[in-house]
Amino acid sequence: IFVFTFFDEFVRQQYSDIMADIEIDDADLPEPSLKNIIDQKSLQWVFVGGKGGVGKTTTSCCLGVQLAKTRKKVLIVSTDPAHNLSDAFCQKIGREPTPIEGFDNLSAMEIDANNDMEEMQRNIAEQGTDEEQDGGLSAMMSELTNSIPGIDEAMSFSELMKQVQNLDFDVVVFDTAPTGHTLRLLSFPTILEKALGKVMELKDRFGGLIGQATAMMGGGSNPGAAQDAILGRLEETRAVINKVNDAFQDPAVTTFVCVCIPEFLSIYETERLVQELSKFGIDTHNIVVNQVLFPEKDAEELAEWYGKNKAALPAEAQEICSKMLARKRMQDKYIGQCFDLYGEDFHVTLMPLLDYEVRGTEKLKDFSEFLTNPVDLDE
């Protein structure tokens, strides 16, 4: 609670006085849309993330719909164990790229990195049944993937990225899990690269240690060959990770779209996400604010209307309008803080709260237009 209160006070104290003394021309601010992503033809990977329940899947699907207008082949990948792409598009989507109904260049797939890791370990175990053929290599690799903390998730991430890279798509939109899981996912390339780097550094210092360990596991009469094979497989994995890491840190290839709603905890989580992405060197210049009540109006306008018409409304309607105004004032407060924090450097896009669920291809197409043609806040 203290941290949240401190953050809230920090925002108000840092920006209320400063912004009062600075005149900013709206024409100099980044456009409040995702057109910059749609127009950047070099982008290959677009990650969409944020706190749980803020509309990441809807935003990912809408972004994919818009990208399909300008790209030849677009893929939406869900890395969240609790997949929602099937629900959003109202069709069955599996582990392989599934064409989306109504499109000829948009596909989606739902994958689980943990399942991929289990499958990889099963394959290693099956290969290890013929020890004379692989010289104990599979047994050693199985021990390695089970002994280093976090290596299983990192290796599964490596397999995921190799799978995605082998697919023939111009751009891939990642519908990620909530923030904590996503940050861990994005940190794997750095973690694994460092870990494998240490292993390769130690190979000369410890000579035939790996080969001896392989021999103890049934490595046959040529432990040296087994050692070379193990190090070769690790080097292959390291090369993939280095390639992924370079792509992650290249703003021409990768970007991250932060999604939030106009509430304190979500804005706070977005700030943490932006800071962490900066540490990883991952480009992010877009924030999507979902579930905004009447984005083209402010609370004062609505309060003025309510004051004039309150007497003519029945008691229940007065209660409903009163609660709506309270929610609108709260949203305006945090939307203002969001623009204060990010408005000069980020494309902040406000997405309206609708009176129906955004499910199915047609509704996603309609809603996606707000990403590129935002609500006019000056109306």
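**Entry 1: a helix pair.** I began with helix H13 (residues 299–309) and helix H14 (residues 315–342), which pack at an angle of about 165° with their axes 9 Å apart. Axes here are lines fitted to C-alpha atoms, for helices over the stretch in contact, and angles run from 0 to 180 degrees between N-to-C directions. H13 and H14 are therefore roughly antiparallel, a label for angles over 145 degrees. From H13, the contact (heavy atoms within 4.5 Å) takes in Ala 299, Leu 302, Ala 303, Trp 305 and Tyr 306. H14 brings Gln 318, Cys 321, Ser 322, Met 324, Leu 325, Lys 328, Arg 329 and Asp 332. I sorted the residues of this contact into 8 nonpolar, 2 polar and 3 charged. Ala, Val, Leu, Ile, Met, Phe, Trp, Tyr, Cys and Pro count as nonpolar, Asp, Glu, Lys and Arg as charged, and the others, Gly among them, as polar.

**Entry 2: ground rules.** A note to myself: this is a predicted model, where local features need pLDDT of at least 70 and side-chain atom pairs count only at pLDDT 80 or more, while totals for chains, interfaces and linings use all residues. Residues are numbered from 1 along each chain as its sequence is written, and side-chain values use heavy atoms, with hydrogens and water left out.

**Entry 3: the whole chain.** I found 15 helices and 8 strands in the chain; these are DSSP runs numbered from the N terminus, helices being H or I of at least four residues and strands E of at least two. Of the 379 residues, 44% are buried, meaning under 20% relative accessible area with a 1.4 Å probe, protein chains only.

**Entry 4: the sheet.** Next I traced an open sheet of 8 strands, in the order S3-S4-S2-S5-S1-S6-S7-S8, with mixed pairing. Strands pair if DSSP finds at least two bridges between them. Its edges are strand S3 (98–99) and strand S8 (347–352), each pairing on one side only. Strand S1 (residues 45–50) and strand S5 (residues 171–175) run parallel, joined by 4 bridges. In S5, Val 173 stands opposite Val 46.

**Entry 5: helices over the sheet.** I then saw helix H3 (residues 56–67) lying across S1, S2, S4, S5, S6 and S7, at about 170° to S5. Helix H15 (residues 361–372) lies across S7 and S8, at about 150° to S8.

**Entry 6: one residue.** Is Thr 59 buried or exposed? Thr 59, found in H3, counts as buried because its relative accessibility is 5%. Leaving aside residues up to four places away in sequence, Thr 59 touches Val 48, Val 259, Val 288, Asn 290 and Leu 371.

Methods
Parallel < 35°, antiparallel > 145°, perpendicular 65-115°, else oblique. Buried < 20%, exposed > 50% of the residue type's maximum accessible area, 1.4 Å probe, protein only.
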